[in-house]
Amino acid sequence: IAFLGGLDLAFGRYDDFSHELTDLHENKIWIGKDYYNPSYSAHTLNEYPFEEAIDRNEVPRMPWHDIHVKIVGESAQDVALNFIQRWNHHTATQVHDHEFLIPKMSKIPLKLRNCMEIQILRSIGDWSAQIGAPEISIQRAYLALIENAEHFIYIENQYFISSLSDELVQ
């Protein structure tokens, strides 16, 4: 089983379906640095998480909206391998007091109910996993989607940008 989502699990990122801009209730929902708006203040002094970073009487909080998903099967193993690769890279280069993780693979049951086929894509580079060459699975998937389209294409991605030079962009 793997769980994926786009938001960091960090201070100021929790939200609920109402996406309230303020939190002036007696029983506050967003405590301390969870009441956050990056337009007004950067996160500082996270060792004091329950201290207010901005004045909630003057500044609205930044609402967040994202989707998370539960994945089972072979795709969950792909997610686990990606996590292990990044963990081991950070352990080797930044946080030297953690142990390396070793992947364990298990046979996936073929009879899963209420399932659909999915494809796992990732953005990863030498700086985040020491893979040597750029990992371009997202680029390849976009090109295949465009080439195989029969009528319309809808692609939504907050990082839909390119740093490639003109010669490489088709």
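Ile1 lies in the segment before E1, and in this predicted model the residue is exposed, with a relative accessible area of 70%. Together with Phe3 and Val72, Ile1 makes a nonpolar surface patch of about 350 Å². Because a residue counts as exposed when its relative accessible area is over 50%, the 70% of Ile1 places it in that class.

How exposed is His19? His19 is partly exposed, with a relative accessible area of 25%, a value that falls between the 20% limit for buried residues and the 50% limit for exposed ones.

The secondary structure comes to three helices and two strands, and along the sequence these elements follow the pattern β-β-α-α-α. Helix H1 spans residues 74-93 and has 20 residues; from its first C-alpha to its last it reaches 29 Å, which is close to the 28 Å expected at 1.5 Å a residue. The buried residues of H1 are Ser75, Ala76, Gln77, Val79, Asn82, Ile84, Asn88, His89 and Thr91. An α-helix has 3.6 residues a turn, so residues three or four places apart point the same way. Against which elements do the buried residues of H1 pack? They pack against strand E1 (2-5), strand E2 (68-71) and helix H2 (126-129).

| Element | Residues |
|---|---|
| Strand E1 | 2-5 |
| Strand E2 | 68-71 |
| Helix H1 | 74-93 |
| Helix H2 | 126-129 |
| Helix H3 | 137-148 |

For the protein as a whole, 20% of the 170 residues count as buried, and the protein exposes about 14000 Å², of which carbon and sulfur atoms supply 56%. Among the contacts with a separation of 6 or more, 54% are accounted for by residues 24 or more positions apart.

Confidence should be read alongside these values. The mean pLDDT of the protein is 80, and 86% of its residues reach 70 or more. Where in the protein is confidence lowest, and where is it highest? Confidence is lowest in H2, at a mean of 72, and highest in helix H3, at 87; H2 is also one of the elements against which the buried residues of H1 pack.

Conventions:
Residues numbered from 1 in each chain as written. Predicted model: local features only at pLDDT ≥ 70, side-chain atom pairs only at ≥ 80, totals over all residues. Heavy atoms only, no water. Helix = DSSP H or I, 4+ residues; strand = E, 2+ residues; numbered from the N terminus. Expected span 1.5 Å × (residues − 1). Buried < 20%, exposed > 50% of the residue type's maximum accessible area, 1.4 Å probe, protein only. Contact = heavy atoms within 4.5 Å. Patch = residues over 30% accessible without salt bridge, like charges linked within 9 Å, V, L, I, M, F, W, Y side chains within 5 Å. Areas by Shrake-Rupley, 256 points an atom, 1.4 Å probe, with all protein chains shown as cover. Salt bridge = Lys/Arg side-chain N within 4 Å of Asp/Glu carboxyl O. pLDDT = per-residue confidence, 0-100.
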